Amino acid sequence: MKAFGKAAKIKGVVALDGKSLRRAYERGKSHMPPLMVTAWSAQTRMALANQLAPNNNEAAAALQLVNLLCLEGLW
């Protein structure tokens with residue numbers, strides 16, 4: 001991730017955004033569509049990574065995503 005961050009010149013704000021995947025539910029579970037959390041680099045306007053929320057827990061998916069990215073040392 002460090003090499004990718006330097007090559008893509010990722011600096012500044014990395015935003016996390018959660019979205020419901022409409023019409024992507026299992027049969028009989030239309031009231032609980034799956035959630036996807038995305039990490040965005042605000043400066044480059046590029047999606048860095050996506051994480052499916054386990055048990056529709058958006059906060060847990062966001063924490064997993066932050067650990068996956070290893071953003072330490074990019075600034």
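This is a guided tour of a predicted model, stop by stop, for use with a viewer.

Residues are numbered from 1 along each chain as its sequence is written, and side-chain values use heavy atoms, with hydrogens and water left out. Because the model is predicted, local features need pLDDT of at least 70 and side-chain atom pairs count only at pLDDT 80 or more, while totals for chains, interfaces and linings use all residues.

**The sheet**

Helices (H or I, at least four residues) and strands (E, at least two) are DSSP runs, numbered from the N terminus. The three form an open sheet of 3 strands in the order β1-β2-β3, with antiparallel pairing; two strands pair if DSSP finds at least two bridges between them. β1 and β3 are the edge strands, each with a single partner, so one side of each has no neighbour in the sheet. On average, neighbouring strands are turned by 25° against each other, direction ignored. Axes here are lines fitted to C-alpha atoms, for helices over the stretch in contact, and angles run from 0 to 180 degrees between N-to-C directions.

Now look at the pairings one by one. β1 and β2 pair in the antiparallel sense over 7 bridges, and Leu16 has Ala39 as its bridge partner in β2. Ala39 also stands opposite Ala49 in β3. β2 and β3 pair in the antiparallel sense over 6 bridges; Met36 has Leu52 as its bridge partner in β3.

**Along β2**

Color β2 by accessibility. Of its 7 residues, 5 are buried, so the strand is largely enclosed by the rest of the structure. Buried means under 20% relative accessible area, exposed over 50%, and partly exposed in between (1.4 Å probe, protein chains only).

Thr38 is buried, at a relative accessible area of 12%. Its side chain makes a polar contact with the side chain of Asn50, at 2.7 Å. A polar contact is a pair of N or O atoms within 3.5 Å; within protein, one must be able to donate a hydrogen and the other to accept it, and residues adjacent in sequence count only if both atoms are side-chain atoms. Apart from neighbours within four places in sequence, Thr38 is in contact (heavy atoms within 4.5 Å) with residues including Ala15, Asp17, Ala47 and Leu65.

Move to Ser41, also in β2. Ser41 is buried, with a relative accessible area of 1%. Not counting residues up to four places away in sequence, Ser41 touches Ile10, Val13, Met46 and Leu48.

Select Arg45 in the hairpin of β2 and β3, which has 4 residues between the strands. Arg45 takes a positive phi near 55°.

Then go to Arg22, in the loop between β1 and β2. Arg22 is exposed, with a relative accessible area of 62%. The C-alpha atoms of Arg22 and Leu35 are 9.1 Å apart, with the two residues 13 apart along the chain.

**Ala47 in β3**

Ala47 lies in β3 and is partly exposed, at a relative accessible area of 39%. Leaving aside neighbours within four places in sequence, Ala47 is in contact with Thr38, Ala39 and Trp40.

**Helix α2**

Finally, select α2 (residues 58–69), a helix of 12 residues. From first C-alpha to last, α2 reaches 17 Å, close to the 16 Å expected at 1.5 Å a residue; the expected span is 1.5 Å times one less than the number of residues. At its N-terminal end the cap is Asn57, with a side-chain oxygen 3.3 Å from the backbone nitrogen of Ala59.

Show the side chains of Ala61, Ala62, Leu65 and Leu69, the buried residues of α2. Seen down the helix axis, these fall within an arc of 100°, so they line one face; the arc is that of the directions from the helix axis to the C-beta atoms. An α-helix has 3.6 residues a turn, so residues three or four places apart point the same way. Turn to the other side of α2 to find Ala59, Leu63 and Asn67 exposed.
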